[in-house]
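Thanks for making time this morning; I would like to walk through one model with you, helix by helix and then chain against chain.

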Amino acid sequence: MLAYIIRRIAYLVPVLFVLTVVVFTFVEMLPGNIIDTLVGSEGVNDPEVRKILEKEYGLDQPVYVRYAKWLLRAVQGDFGMSLVTRRPVAVELMSGIPATVYLAVVGISLSMLIAVPLGTIAAVKRNTAIDYTAQVTSLIGISIPEFWFAILCVLFFSLYLGWLPSSGFANPFVDPWASLKFLILPAAAVGFRQAAYTTRLTRSSMLDEMNKEYVDTARSVGLSEGKVIFKYTLRNAMIPTITISGLQLANLLGGTVVLESIFAWPGIGRAIFEAILQRDYPLVQAGVLVLGCIVVIMNLLVDLTYRLLNPRVKLG
Amino acid sequence: MTELEARKFADLEAIRAPTLGGRLARWRTALGNAWHELRKSRTASIGAVMLVLLFGACIATPWITTYDPIKQNFRERLQPPSEKHLLGTDRMGRDIYSRLLWGGRRLVTIALLAVTFGLSIGIPYGVLSGYFGGKVDTVAMRFVDGLLAFPGLLLYLLIVTLAREWKMEGIYNDMVLIFALGFAFTPEVARLSRSSVLVEKQKEYVEASRAIGEGSFAIALRQILPNIVSPLIVNATVRLGYVILIVAALSFLGLGTPPPTPDWGSDLAAARDYMETAPLIAAFPGLAICYTVLAFNLFGDGLRDILDPRLAER
């Protein structure tokens, strides 16, 4: 197992290399150079000043030297200054992470609470009305664009019924009740789509397990159906479900840009989106890098957990 | 030439140079078989019918729409559905029905091209990597891992931003999207085709081809490739739905094609401002996206059951 962990961590090197190169190239490929971006629309007309600035930012050096220097600083958490707020990019990004994690974790938990029972019932009562309803609902769930679902929720619960605020955020430690009200709609929008995936997955892995021989054995020694399902099959069926949910959580941390923008949720996704609109490219660059790293590390953790939960998987 | 040889020769000729009639007949049989297979799965048949309607509408758009999708008419703003405007008009008095169809035509074309692009790079990459194995395979797959780990939406955000900064508009913007979405599909295709190749290359027909002296490239692409297409077809179908969701999401955020080009995502975003007074405007593009993605998902799901009978028993 240790050898596997080491090898798996070594695999991170090429992954992170690709990630950093893509993110670095992004800024390199912007039209003009960093000085135009920094100075803004007026531009620098004096060639002397320009030369000094270019030297200061290291633009007279070859690309790979600049990449190495940039990487060295990034590793130390120095991503430069935001062009809009003039505060360090790292500070701007860090302030968004708690909100994003909060939304993603609540959304995933909500989806598991709905999807696992629903998927299990659908599998146990296969080919009944319950099963078909669950299947059709989850298929629609993965086909609905999440931003549209979010808009419909806002339309119904905020504008029509007036029960919940349409967007915003409150700190759960300061005002838990208000925070909950702000949380419900975004979490439901995240949870609905995830629940659709997880229901399908739980159902199919339950069916896989229920076809195995140990189930017949358990039944033949006289165990009750409930015991067979809850004590044996569901436990085994949960392995892939938990794994995929972990991967989904990683993706959510990296990709709730749309929902965070709709609900004015002060997370890292919205920070990146607003930075794009305001052309605050150091922030965009650092944000994508940080989210990418989070996703990569989450994937690693999920992978390792999977091996722990399921020792039969060949370590290959 | 003996009679037997002559007949064999004629058979070979028939295979090599089929007549038009022969070709049509073969196509008819193939289509007939396909339909017969499709009917085994209810999901696949529903999906197929939905897709035929969708593609039909996309092809026939110029003939079944009556209004210019970008022509504004402020006298007829925000109208409810009527005989004149089947689905009503938007905030600039443009006919929603025409905008939906033209937007869909564009969206479906982008999705098809992107997925085709992804397949056309990913398949040779994966097949050759899996077929040659060894060091080539290891290096090639590490690279794919790096790309696979990249969160999709973030990559698109970066690329779309670049396109905006370089002031790419219209067709150029669409081409960038197609390239980005297709490129992002490549690693998945490469992995999938590689793993199928690893299974296939152990089989006897590969050995047989090698025995009669075929080259490695020829075996990999001519013999193995046709045997691994079914998982790829399923994957590509589902991917089409995903690509449509992503394109719609990007233009919903205002990072896709700029107005006035008809686009489901940006039309939906614009309709948000009129949600209280004219909620229907936001309903139609949303429903259109749903319908399209659902069609691809249904078809893909059903196809998977048909092509992998082990799963269909469930």
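This is a predicted model: local features need pLDDT of at least 70, side-chain atom pairs count only at pLDDT 80 or more; totals for chains, interfaces and linings use all residues.

**Helices and the contact between chains**

Let me begin with helix α2 of chain B, residues 20–38, which has 19 residues and reaches 27 Å from its first C-alpha to its last, close to the 27 Å expected at 1.5 Å a residue; the expected span is 1.5 Å times one less than the number of residues. Helices here are DSSP runs of H or I with at least four residues, strands are runs of E with at least two, and both are numbered from the N terminus.

Residues are numbered from 1 along each chain as its sequence is written, and chains are lettered from A and ligands numbered from 1 in the order in which they are written.

How many of the 19 residues of α2(B) are buried? The count is 0, and the helix is hardly covered, where buried means 20 or more other C-beta atoms within 10 Å of a residue's own, exposed means 12 or fewer, and partly exposed lies in between, with C-beta atoms placed from the backbone. For chain B as a whole, 40% of the 314 residues count as buried, and the chain contains 13 helices and 0 strands.

Turning to chain A, V21(A) is found in helix α2, residues 12–28, and it counts as partly exposed because it has 14 C-beta neighbours inside 10 Å.

The axes of α2(A) and of helix α5 of chain B, residues 134–148, come within 8 Å and cross at roughly 55°, which makes α2(A) oblique to α5(B); angles under 35 degrees count as roughly parallel, over 145 as roughly antiparallel, 65 to 115 as roughly perpendicular, and the rest as oblique. On the α2(A) side the contact is made by P14(A), V15(A), F17(A) and V18(A), and on the α5(B) side by R142(B), F143(B), D145(B), G146(B) and L147(B), contact meaning C-beta atoms, placed from the backbone, within 7 Å.

Finally, taking the chains together, 39 residues of chain A are in contact with 36 residues of chain B. Among the helices that each supply at least two residues to the chain A side are α2, α10 (176–210) and α15 (281–309).

Definitions and conventions
Axes are lines fitted to C-alpha atoms, for helices over the stretch in contact, and angles run from 0 to 180 degrees between N-to-C directions. Two residues are in contact if their C-beta atoms, placed from the backbone, lie within 7 Å.
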